[in-house]
Structure formats: structure tokens, C-alpha cells
Amino acid sequence: VQLQAFGGGLVQAGGSLRLSCSGSVRTLSTLGWFRQAPGKEREFVAAVHRTGSLKDYSESVKGRFTISRDNAHNTVYLTMNSLMPEDTAVYYCAANTRYGSRNPSDYRSWGQGTEFTVSS
């Protein structure tokens with residue numbers, strides 16, 4: 001089972017965008033967003049506990065990005081505000097049976113990511 005991310009495109013610096021990700025994953029899973037810029041390793045962006053009550057953000061996006069989930073529709077969202085050119089990347093979502101890890105190797109169900117570019 002894979003998760004599919006949607007919502008990429010082109011946005012100007014300072015703008016906003018919302019990504020969504022859906023798939024037939026168990027609602028008991030922590031869901032996370034990661035990103036990978038050209039020539040860089042995949043990095044953690046945000047994660048949300050299966051209940052939606054606990055959320056974790058990387059320092060680079062804290063205060064600008066919000067992760068949320070809709071378990072009824074097996075969907076997780078990433079709402080991004082105050083976008084910067086350094087946010088340009090391919091964004092992926094994935095699932096983890098536990099909450100608290102930022103390591104991509106602890107996540108499963110990777111699907112095709114969605115790419116967006118922030119222009120300056």
C-alpha cells in the first residue's frame with residue numbers, strides 16, 4: 001500500500017499552498033511529510049499522531065507549516081504559509097506504526113511525491 005501526495009506546483013515566495021496525501025493506510029499509523037531537494041537527502045518536515053492530537057515539526061518549518069489529518073478519508077494535509085525558495089523540493093508522505101521518529105527509514109508506504117517550486 002502506498003500513499004500518494006498531491007498539490008504541487010509553482011508558488012511565489014511568501015505565498016501559501018496545501019498538499020494532501022491519501023492512501024489505504026491504517027488509521028492507527030502516524031503520518032509524516034518529508035521533502036527532498038535536488039542533490040540533498042530526504043528530510044523530515046512534519047508528523048501527526050494517529051489521533052491527530054500530537055504533532056511534530058522540523059525547526060525549519062515550525063510556525064509556517066501545519067500538518068493535519070482526516071481519518072475518515074484516510075488523508076493527511078500539509079498547509080504551508082510564508083513559503084521560501086528553500087522550501088522547494090519534492091514532498092512525500094509516509095506512514096509509521098509509532099509516533100516520535102523523524103528518521104525516514106522508520107517510515108513505510110512511500111509513494112510518488114509531489115513537487116513544488118517557490119520562486120523568489
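**Entry 1: ground rules.** I count two strands as paired if DSSP finds at least two bridges between them. Strands are DSSP runs (E, at least two residues), numbered from the N terminus. I am working with a predicted model, where local features need pLDDT of at least 70, side-chain atom pairs count only at pLDDT 80 or more, and totals for chains, interfaces and linings use all residues. Residues are numbered from 1 along each chain as its sequence is written, and side-chain values use heavy atoms, with hydrogens and water left out.

Entry 2: I looked up the open sheet of four strands and found the order 1-3-8-7, with antiparallel pairing. Strand 1 (4–6) and strand 7 are at its edges with a single partner strand each, so one side of each has no neighbour in the sheet. From one strand to the next, the twist averages 20°; for such angles, axes are lines fitted to C-alpha atoms, and values run from 0 to 180 degrees between N-to-C directions.

I then went through the pairs. Strand 1 and strand 3 are antiparallel over three bridges, and I noted Gln4 opposite Ser22 of strand 3. Strand 3 also pairs with strand 8, again in the antiparallel sense, over six bridges. Which residue of strand 8 is the bridge partner of Leu17? I found Met80 there.

Entry 3: I traced a second open sheet, of six strands, in the order 2-10-9-4-5-6 with mixed pairing. Strand 2 (10–12) and strand 6 (55–57) are its edge strands, each pairing on one side only. Here the twist averages 25° from one strand to the next. Strand 5 and strand 6 run antiparallel over three bridges, and Ala46 stands opposite Tyr57 of strand 6.

**Entry 4: the cores.** Next I looked for nonpolar cores, meaning sets of buried Ala, Val, Leu, Ile, Met, Phe, Trp, Tyr and Cys residues joined through side-chain atoms within 4.5 Å. Buried is under 20% relative accessible area, exposed is over 50%, and partly exposed is in between (1.4 Å probe, protein chains only). Which residues have the most contacts inside the largest core? They are Trp33, Leu78, Met80, Tyr91 and Phe116, in a core of 26 residues. At least two residues each come from strand 3 (17–22), strand 4 (30–36), strand 5 (43–48), strand 7 (65–70), strand 8 (75–80), strand 9 (89–96) and strand 10 (114–119). Strand 9 gives the most, four residues. Another core, of five residues, lies apart from this one and has Phe34, Phe44, Ala47 and Tyr107 among its members.

I listed the contacts of Tyr91 (heavy atoms within 4.5 Å). Leaving out residues up to four places away in sequence, Tyr91 touches residues including Ala5, Leu19, Trp33, Val45, Phe65, Leu78, Met80 and Phe116.

Entry 5: Thr30 sits in strand 4. Is Thr30 buried or exposed? Thr30 counts as buried, because its relative accessibility is 2%. Its side chain reaches the backbone oxygen of Arg98 at 3.3 Å. Beyond four places in sequence, Thr30 also touches Ala47, Val48, Asn96, Tyr99 and Tyr107, among others.

Glu115, in strand 10, counts as exposed because its relative accessibility is 53%. Its contacts past four places in sequence are Gly8, Gly9, Ala89 and Val90. Glu115 and Val90 are 25 residues apart in sequence, and their C-alpha atoms are 4.1 Å apart in space.

**Entry 6: positive phi.** I also checked the backbone angles. Ser82 has a positive phi of about 50° although it is not a glycine. Ser82 is in the loop between strand 8 and strand 9, and it is partly exposed, with a relative accessible area of 40%. Ser109, in the loop between strand 9 and strand 10, is not a glycine either, and its phi is positive, near 60°.

Notes. A polar contact is a pair of N or O atoms within 3.5 Å; within protein, one must be able to donate a hydrogen and the other to accept it, and residues adjacent in sequence count only if both atoms are side-chain atoms.
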